[in-house]
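Dear colleague,

Please find below the structure that I am handing over to you.

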Amino acid sequence: MSIFPLPALKRVIPQITKVKKLKVQPPIYAPKINKTVLRSRIGLDNLHALENGIKDVTINVHQTKEFFKCSSKLYRLVYNMNQYGICLINLKGFDNTTFGHRKFLKKNMYDLKPLFGETAFHQKSEANTGILTIDPREPNSVNVANTKINHPLHTDGAFQKRPEKIVTLTCEHAAINGDHNFGETTLICAQSMLNSVLSMINKKHKVISNLFMKDAIQIGRKLPNNNNNHNKNILEELQSKQSVLSYLHEYDDQNYDGILYDIHDQKIQHHYTNNDNLRLVYHGNPSYLKNIRDEIKVFWNLMGDYCTNDANIFKFLLQPGQILIIDNTSFLHGRTPYDQYNNLRVLHRMNFYHNGLLRRSIKLGINKEVLN
């Protein structure tokens, strides 16, 4: 089997009779994890250590397909996700007043799919792409509809049996009013939160064991034709075993220039990924919590207090043409209030299960040492 991806061969074969010597650009390989940049910090939120704020985790590109052509930008994306748990992609030259700007944004989101894998669909997302538009004029949840209060900090997929691992949020319009920023994106590092909350609890090892119980909490919300309440454990190990062979074959006939290509996966019948870190499941909207074990009520309330303390929250204004990538297993995200009648804020969401080409390069989750 050739080491070059099929799309590259399709472009090269017709030229064989025209040139004597072919110069084929070799494919970019997914970088391996560098253990020195993994988020092994305990009780330190690296986001607050950024000297220049969100700019330090920003990568400027014209299109997201550049990650398949430029290895330095790809490595920067991997580094940011491993070191900080987030990465911000800035689409240079984006103009939300031009015709076709929304289609352009969605295409750039969808072009990240080979990197992050299978799409996590929402009940109201587009059937063919899995992209969900977040617009209070056509709300898909009560939190989106009610813009005058905070969108509570949460992990996406808290109501699902299989929560997604990667969240991407793309800004089409930002809510800006005068000199004040409204509708800011809010983030909390779950590892820092766990470290703080557990330090305030007596007999924490007994509490920790209850966090892993399958019925630690019952969480859910009512959607049309779907009352999805689920018993959940607040913490779980990320030791997922997922076959990715069939997923990779989905892209054999796509024309990705210099697409990331791992030839070993084409030889192995089933390849499995392992991760010894933890993931957190949480939603700050109290109406979604249907039941909770008595042993962890104090812990849950302390998490709520942590999430409402501004000192613990990293805030910034997501600008039009920016794509925020979040490790959904170790970060909570939300939004500050804004007036939807005087401000237009429109985002697009596309989430993934992290079984794509970067599954072994980006290590997600919370370091287990936080429980010690």
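For the classes used below, Ala, Val, Leu, Ile, Met, Phe, Trp, Tyr, Cys and Pro count as nonpolar, Asp, Glu, Lys and Arg as charged, and the others, Gly among them, as polar. By this division, the lining of the second largest pocket holds 10 nonpolar, 10 polar and three charged residues. Please note that the model is predicted.

The second largest pocket has a volume of about 380 Å³. Its lining consists of 23 residues, and those nearest its centre are P152, L153, G304, C307 and T308. Two elements, β5 and α10 (297-307), each contribute at least two residues to this lining. The greatest contribution, four residues, is that of α10.

The largest pocket has a volume of about 610 Å³. It is lined by 36 residues, and H122, L132, H154, D156 and R349 are the closest to its centre. Two or more lining residues come from each of β4 (132-134), α5 (142-145), β5 (151-154), β10 (217-223), β11 (226-232), β17 (331-335) and β18 (346-352). The largest share, three residues, is supplied by β17. In terms of class, the lining of the largest pocket comprises 12 nonpolar, 17 polar and seven charged residues.

Yours sincerely

Definitions and conventions
Residues numbered from 1 in each chain as written. Predicted model: local features only at pLDDT ≥ 70, side-chain atom pairs only at ≥ 80, totals over all residues. Heavy atoms only, no water. 1 Å grid on protein atoms, 1.4 Å probe; cavity = no way out; pocket = protein on both sides within 12 Å on 5 of 7 lines; lining within 4 Å. Points joined across faces, edges and corners; volume = space filled by probe spheres on them.
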